[in-house]
Amino acid sequence: MSESPQQHYAKATTRQTGSSEAREQLVDWLRDAHAAEEQSEKMLTKFAGRIENYPELKSQIQRHIEETRGQARRLKQCLDRYGDTTSTLKDAFGRMMAFAQGMSGAFVDDEIIKGSMAAYTFEHMEIASYRILIAAAESLGDTETRNICEQILEEEIAMATWLEEHLPEITQKYMLRTDMPGVTAKH
Ligand code: MG
Ligand code: FE
């Protein structure tokens, strides 16, 4: 359905005054993303701390923990510009993350595999959420948020790509170590 120029102008004006529902939606999504980064930092720190025999994975995760902290900081800046002070996890998103976290459970024999799988899944959830944020920010004319989310998206894609490229060798190393007597395979 098309709208008249007057209707369109009225909408655009509402957007710029900062009181539209669309704007509140963007803030909600930014809040979700911020909470997810804080969660991600905790999850990755726990995982990296347990890895003993997969040094490449460990240092890649440590690099991404640093990036993740920077991401949370940049998202906080976006939220601050909207005067938002809360950081609560939304139900649906929280459940998705609980799922990813559940997979990274430290009490399974194939911990390194489940943790890598969880990290890979998590990165793709992040990629989806930044693609959505970029489009939403763009539709509201919020160039700063769009730019920040584009930078973050690049970092998430790089991490997802690294995992994609290394999952086979991590798995093969795990398989090999599993059959070696007196050697730990799980982490
Ligand atoms: Mg992230
Ligand atoms: Fe990430």
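## Helices H2 and H5

Helix H2 (residues 21-50) packs against helix H5 (residues 111-139) at about 160°, with the axes 11 Å apart. H2 is therefore roughly antiparallel to H5 (angles over 145 degrees count as such). The crossing of H2 and H5 is left-handed: the near helix is turned anticlockwise from the far one by less than a right angle.

From H2, the contact takes in Gln25, Leu26, Trp29, Leu30, Asp32, Ala33, Ala36, Ser40 and Phe47. H5 supplies Gly115, Phe122, Glu126, Ser129, Ile132, Leu133, Ala136 and Ala137. Contact here puts C-beta atoms, placed from the backbone, within 7 Å. By class, these residues are 11 nonpolar, 4 polar and 2 charged. Ala, Val, Leu, Ile, Met, Phe, Trp, Tyr, Cys and Pro count as nonpolar, Asp, Glu, Lys and Arg as charged, and the others, Gly among them, as polar.

## Basis of the model

The model is predicted: local features need pLDDT of at least 70, side-chain atom pairs count only at pLDDT 80 or more, and totals for chains, interfaces and linings use all residues. Residues are numbered from 1 along each chain as its sequence is written, while chains are lettered from A and ligands numbered from 1 in the order in which they are written.

Helices are DSSP runs (H or I, at least four residues), numbered from the N terminus. Axes are lines fitted to C-alpha atoms over the stretch in contact, and angles run from 0 to 180 degrees between N-to-C directions.

## Helices H3 and H6

Helix H3 (residues 55-81) and helix H6 (residues 143-178) have axes that come within 11 Å and cross at roughly 165°. H3 is therefore roughly antiparallel to H6. Their crossing is left-handed.

H3 residues Glu56, Leu57, Gln60, His64, Glu67, Gln71, Arg74 and Cys78 meet Thr145, Ile148, Ile152, Glu155, Met159, Trp162, His166 and Ile170 of H6. This contact has 7 nonpolar, 5 polar and 4 charged residues.

Definitions and conventions
Helices (H or I, at least four residues) and strands (E, at least two) are DSSP runs, numbered from the N terminus. Angles under 35 degrees count as roughly parallel, over 145 as roughly antiparallel, 65 to 115 as roughly perpendicular and the rest as oblique. Two residues are in contact if their C-beta atoms, placed from the backbone, lie within 7 Å.
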